[in-house]
Amino acid sequence: MIEWFLAKYNYWIAIILILIGFYAMIAKDNLIKKIIGLTIFQTAIFLLYISLADIGPLPRGTAPIVSEEILSKGYVYVNPLPHVLILTAIVVAVATTAVALGLVIRMYEEYGTIEEAEIIAIERKL
Amino acid sequence: MAGIVEQLPVLIIAISLVSAFTILVAGWVNKKACWFISLGTIFIQLIMAIAILNHVLTVGNIYYWLGGWMPPWGIEYVMDALNGYILVVLLFLSLVCVMYSRRNVEHELPDKIVSFYVVYQLLVTGLCGVTVTGDIFNMYVFVEIFSLAAYALIASRGGISLKASFVYLVMGSIGACFVLIGIGLVYAVTGSLNMHDISILLPQFYGNRAVQLAYALIVVGLSIKMALFPLHTWLPDAHSFAPSEISAMLSGIIIEVSTYALIRISFSVFTLDFLRLVPIFDIISWLAAFAIIYGSVLAIAQINLKRMLAYSSVSQMGYIMLAVGLSLSTKHVLWGGLTPALMHILNHALMKGCLFMVAGAFIYKAELWNITDLRGLGRKMPYTCAAFTLAAISMIGVPPSVGFVTKIYLIFAVVEAGNFIFMAVILLSTLLNLVYFWRVIETMYMKVGEAGPHHEYAKPVKIDEIPLTMLIPVLLLGVLCIVMGIIWLTEIPIIGAVPIMDTVNKLFEIGRYTVLP
């Protein structure tokens, strides 16, 4: 029972962070807090992917660099592919955050506020 | 020439990317050149897409290995009949929209012309990329490319379109992140990212909860992107406040490409055996039926013309997903399998593209947003209103237009599947479509009075016909609504329309090629 929880702690942390980020995106009114929630959500997914790279029984793998030592002594190394996928996904997340922040800047210039409730109230009066 | 067709899938993407940066550089020199470069690029891409489709139908599938690396270690671009068809539809609608956008962008966004065409070309790149790729992570990256371009283009008008784009950004990013988790779980179980490879490795894991969770996440994530009820709430605001050609692209092709991504992942990655195990397609059919009624009812309540068309899009996505949900249960040669769904992707692009562009024409000429302001426009803008009427009667489903073809094939498919509640839903929605489209046609042609808002301070508006570069796309789409309907009905093999659907059904072994265990 305890191993089921403690041995997979990185997956549990990833899930909890996904839920925290998701909650922030939905429930927070301030637009910047929504973007922070999006960033937490995406970072937690990266954590999930990197945890997937090291599936296997002990001993835990080492860095996947081809060298004489690893090949001759037969060390276990982690799977480098999820790390590569995460690099691509980080670029996507950075681009999304940049577009989102650009939108928030323009909204601040337009409405003078970044609280969603106030923006809706301004629009309703117009 | 057989050699060059093999390279065309990647050439379409490469030309588009290079052209986006060429537009940026050329825009510093001469702003007027941007439209010509974009138009020329999309036209060349359309020629290439037709060449690819021709090759796929006559010779066979195209497999392109990026960088020469063999799959499953390298990324592979696979072109089969489903891909080729969606690519041609996508590029045709993009070409028509960019032709329309010349005058509209000069009018609505006069200081952002260069940026508009750069981001538009990147949007087309992303859409083409989703269509040609054969690797699921590559598909996620291209989905994000076109989504980001769409967020930027919707927000380009400023004002309330910023908030609409922000809501779309938050919801679209949630959807994409769900898809990313799903892809990660599939990779964890099978160890491969190539679609064909996963379809071979996955069957032994169908009972694994991670695989089922991955499929659920991918379905929900792509449903947010394609505005399936009840995840459609970003759609009305985004469509109403975007520039008109972007509304036409959104409704006509962006949400359809997300549907294509769902079809591709459901049928090529998680193959038919998985879809028969889990009753996901029944759930999708019921959600789609609710979407059809919900969209139609809410469209009746709208005063803003573009918002009414946006709710109508929610309803039409319900048609496509109902056709997808029924695709496993139908076996007829004409309406079995994926045929009604793919048919409606083209038909909806034609109809909704025309309707949004006409709504944009009214806004371009005299800032007329509401339906009640359109009195008497039938006399002042005769060709535009004629195109609107053709597209509107096509949406209602008058024979022999494309809307009628979709509805009749869908009704036959529902009858064959045996679920008569869906037939009542489709007929009821036809009646509701008639209510809200006829209101617009009546206001345009039969109401007396002058166009424009009706209060004491209103000045009379001077309206004449829209310029030619905006009129040709509108009329082309309007006329194609009827002509394409005749082609579908008589099954003329010149365009190869019905053989495409037949090849897709044969590829996935659905429809009349169903092989029951």
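At what angle do the axes of helix H5 of chain A and helix H6 of chain B cross? Roughly 165°, as set out in point 2.

1. Basis. This is a predicted model, in which local features need pLDDT of at least 70, side-chain atom pairs count only at pLDDT 80 or more, and totals for chains, interfaces and linings use all residues. Residues are numbered from 1 along each chain as its sequence is written, while chains are lettered from A and ligands numbered from 1 in the order in which they are written.

2. Axes here are lines fitted to C-alpha atoms, for helices over the stretch in contact, with angles from 0 to 180 degrees between N-to-C directions. Helices (H or I, at least four residues) and strands (E, at least two) are DSSP runs numbered from the N terminus. The crossing of H5(A) and H6(B) is left-handed, that is, the near helix is turned anticlockwise from the far one by less than a right angle.

3. Residues in that pair. On the H5(A) side the contact includes Ala89(A), Thr96(A), Val99(A), Leu103(A) and Arg106(A); on the H6(B) side, Leu162(B), Lys163(B), Phe166(B) and Leu180(B) are among the partners. Contact requires C-beta atoms, placed from the backbone, to lie within 7 Å. By class, the contact of H5(A) with H6(B) has nine nonpolar, three polar and three charged residues. The nonpolar class is Ala, Val, Leu, Ile, Met, Phe, Trp, Tyr, Cys and Pro; Asp, Glu, Lys and Arg are charged, and the others, Gly among them, are polar.

4. Interface as a whole. Chain A puts 24 residues in contact with 23 residues of chain B. The elements of chain A that give two or more residues to its side are helix H3 (31–52), H5 and helix H6 (116–125). H5(A) gives the most, with twelve residues. The side of chain A that touches chain B has 17 nonpolar, three polar and four charged residues.

5. Chain A. Chain A has six helices and zero strands. Its radius of gyration is 21 Å, well over the 14 Å that the globule rule gives for 126 residues, so chain A is more spread out than a compact globule. The radius is taken over C-alpha atoms, and the rule is 2.2 Å times the number of residues to the power 0.38. The C-alpha atoms of chain A fill a box of roughly 75 × 35 × 15 Å along the principal axes. Buried residues make up 22% of chain A (buried means 20 or more other C-beta atoms within 10 Å, with C-beta atoms placed from the backbone).

6. Chain B. Chain B has 20 helices and two strands. With a radius of gyration of 22 Å, close to the 24 Å that the globule rule gives for 517 residues, chain B is as compact as a globular protein of that length. Its C-alpha atoms fill a box of roughly 75 × 60 × 45 Å, taken along the principal axes. Of its 517 residues, 60% count as buried.

7. Sequence separation of contacts. For contacts between residues at least 6 apart in sequence, 79% in chain B join residues at least 24 apart. In chain A, with that cut-off of at least 6, the share is 53%.

8. One residue of chain B. Ser394(B) sits in helix H16 (residues 382–396) of chain B. Ser394(B) is buried, because 28 other C-beta atoms lie within 10 Å. Leaving aside neighbours within four places in sequence, Ser394(B) is in contact with Met351(B), Ser401(B), Val402(B), Gly403(B) and Cys481(B). The C-alpha atoms of Ser394(B) and Asn347(B), 47 residues apart along the chain, are separated by 9.1 Å.

Definitions and conventions: Two residues are in contact if their C-beta atoms, placed from the backbone, lie within 7 Å. A residue is buried if 20 or more other C-beta atoms lie within 10 Å of its own, exposed if 12 or fewer, and partly exposed in between; C-beta atoms are placed from the backbone.
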